Each structure stands twice: as C-alpha cells, then as structure tokens.
Amino acid sequence: MIASNKPEKFTVRIKRQDGKDQPSYWQSFEVPYTANQNIITVLQQVAANPVTTDGKRVTPVAWDCGCLEEVCGACTMVINGKVRQSCSCLVDELFTGATNQTISIEPMSKFPVVRDLFVDRQRMFDNLKKIQGWVPIDSTADLGPGPRETQDEQHDRYAISRCMTCGCCLEACPQFTKDNDFVGAQVIAQALYFNEHPTGAQLKGERLDVLMGPGGVTDCGNAQNCVKVCPKDIPLTEAIAKVGRQATVHVVKQFFTGKK
Ligand code: SF4
Ligand code: SF4
Ligand code: FES
C-alpha cells in the first residue's frame, strides 16, 4: 500500500559502530522518498551519498544481506524498534498511519556487531552443530528410497523447515543474552525438526542430552516473545513444549534401561 502521507524526503537515523567492541553512536541521513522502496534501498541511497543531515561526509554504513527475498535472514535488523528483515520492510508500510516520518535502524543487540548494522550470527550456527542439526547418512552411495512420511508429518515438519536462522526469535527472547549459554527457540525447534525425521531420529537421544544440559530447554522462561516475532510463523512455543516432553520421556527411558 502506498502511504497517503508520503514525503519528498525523510530522515533515517542509523546506530553505527566502527568495529567489534567499539562504542556505538547515531547518525542521521536525509533520503529521497520513492514509492515501494525497502530498507535495503534506503541503505543503498545512504551508501551512495554518505553525508549526514549536518553536512558531514562519513564512511558508508555497512550491513549484510543476501537473498533480498526474506529467505537468508542475513539482513535482519531492528527497524523502528521491531526486529525484522530489511529486505521485506517497506518504507510505505512504516509511514502508513505514522505521525513521525523518521526511521530508526539499529543492529540486533543479542549478537556481536561486526560493523554498523552487520552482526555476527555465528552462535546460531554453532548451536545447530551442538544439537547435530542434520540427517546423518553413512555414505554418498544410493541407499534407495528413504522412509515414508505421512502428509500430516510433512505438514508439521515443513512449518519448522522454513527457519532462515535470522535471529529474530533470539533478539526478542528475554532469556537469550550475549553472555549466557541459552540456545534459544530456533535451535530447540530445529532439534524437533530432525528428531521427527525417521532418519534424523537416529541422533534424537544425543540431541536431547544436549538440550537437557546447561543452556537447554529448561532455560526457556515461556515468555512467548519468540513466536510473536518469527517472520516465518514457526510454532516455536509448541516446538519447545514438544521437545520438553521428548526430554522427559528420554530421561525416564534412561532411568529404566540404565542406558546413557
Ligand atoms: S518462550 Fe520465551 S523464553 Fe522461551 S525461547 Fe521463546 S521468548 Fe525465549
Ligand atoms: S525460528 Fe523464526 S525467528 Fe527464529 S531464527 Fe528461525 S525464522 Fe528466524
Ligand atoms: S536479504 Fe535475505 S532475508 Fe533479507
């Protein structure tokens, strides 16, 4: 929808940081309005003319992006206080019904800043390694058709497969902080995704062992912020509850079988 109150130009405030562990600071830029521009376009306009509203020429703002179609998660940032992808965030949408036509853009706060709006999301990928977020195969030879799944099972697992490791759920989670070990909703949901796959289930016990340890599923405070901000509508709190139940069953089985 085109904003009815579209301006000729607008101000964008950007929280900047020259490098890891450097102090952050804000700079404002004036950008010409064009219909259908997204936040990546705004950042490109700033990069083409990196002059602040008080006339100072500065270094161009750094940011990350990849797919430009809300699939890779790389362009995630906090825009007007809301964590989201900058490629799918339209200026028209931000201006619709808004009285203030200044846009503020910040990097996510739960990940180390590499520079400006570019953050390092490596912790999410490391956590996927911890839970062995994959389907194990023992060769590249043709092993024949895989196990069959019902349409209902495919439907449930497809919902979780849409995760793009963007970090929105972690940015919104009060339990996930820069200096703790909580793995967060994203990895717990991915553990469920692989645990429910007939072949992926071979590693289910090992995944649950990790998720029952420090930083695992019991660290979730059930605040439900994660599910509200997930751009892919992944049923995160449902996934956390299911993994919690799988963990309980796993512990009971271990108790009765004596197997670790
Ligand atoms: S339910 Fe709350 S505490 Fe648990 S992962 Fe989601 S946001 Fe974090
Ligand atoms: S679960 Fe949703 S919010 Fe979290 S990383 Fe995946 S896509 Fe992003
Ligand atoms: S550039 Fe890939 S999600 Fe935005």
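Q: Buried means under 20% relative accessible area, exposed over 50% and partly exposed in between, with a 1.4 Å probe and protein chains only; which of these is lysine 232?
A: Lysine 232 counts as buried because its relative accessible area is 19%. This is a predicted model, in which local features need pLDDT of at least 70, side-chain atom pairs count only at pLDDT 80 or more, and totals for chains, interfaces and linings use all residues. Residues are numbered from 1 along each chain as its sequence is written, chains are lettered from A and ligands numbered from 1 in the order in which they are written, and side-chain values use heavy atoms, without hydrogens and water.

Q: What does lysine 232 form a salt bridge with?
A: Its partner is glutamate 70, with the closest N and O atoms 3.3 Å apart. The two residues are 162 apart in the chain: lysine 232 sits in the loop between helix H8 (225-229) and helix H9 (236-257), and glutamate 70 in the loop between helix H1 (39-48) and E3. A salt bridge here is a side-chain nitrogen of Lys or Arg within 4 Å of a carboxyl oxygen of Asp or Glu, and helices (H or I, at least four residues) and strands (E, at least two) are DSSP runs numbered from the N terminus.

Q: How many salt bridges are there in the whole structure?
A: The search finds seven. Among them, arginine 157 pairs with glutamate 149 at 2.9 Å between the closest N and O atoms. Arginine 157 is buried, at 8% relative accessible area, whereas glutamate 149 is partly exposed, at 23%. Arg16, Arg115 and Asp116 are linked in a salt-bridge network.

Q: Changing topic: where does methionine 77 lie?
A: Methionine 77 belongs to strand E3 (residues 76-79). Methionine 77 is classed as buried because its relative accessible area is 0%.

Q: And what is methionine 77 in contact with, beyond its neighbours within four places in sequence?
A: Its contacts (heavy atoms within 4.5 Å) include Leu43, Trp63, Ile105, Met108 and Leu117. Methionine 108 is 31 residues away along the chain, yet the two C-alpha atoms are separated by 5.3 Å.

Q: Which residues form the negative surface patch?
A: Asp152, Glu153, Asp156, Glu196 and Glu238 form it. Helix H4 (residues 151-161) gives the most, with three residues. Glutamate 153 is in helix H4 and is partly exposed, with a relative accessible area of 39%.

Q: Finally, what fraction of the chain is buried?
A: Buried residues make up 42% of the 260 residues in the protein chain.

Definitions and conventions: Patches are made of residues with over 30% relative accessible area and no salt bridge: like charges are joined within 9 Å, nonpolar side chains (Val, Leu, Ile, Met, Phe, Trp, Tyr) within 5 Å. Accessible areas come from the Shrake-Rupley method with a 1.4 Å probe; for residues, only the protein chains shown count as cover. Lys and Arg count as positive and Asp and Glu as negative; His and the chain ends are not counted. The place of a charge is taken as NZ of Lys, CZ of Arg, CG of Asp or CD of Glu.
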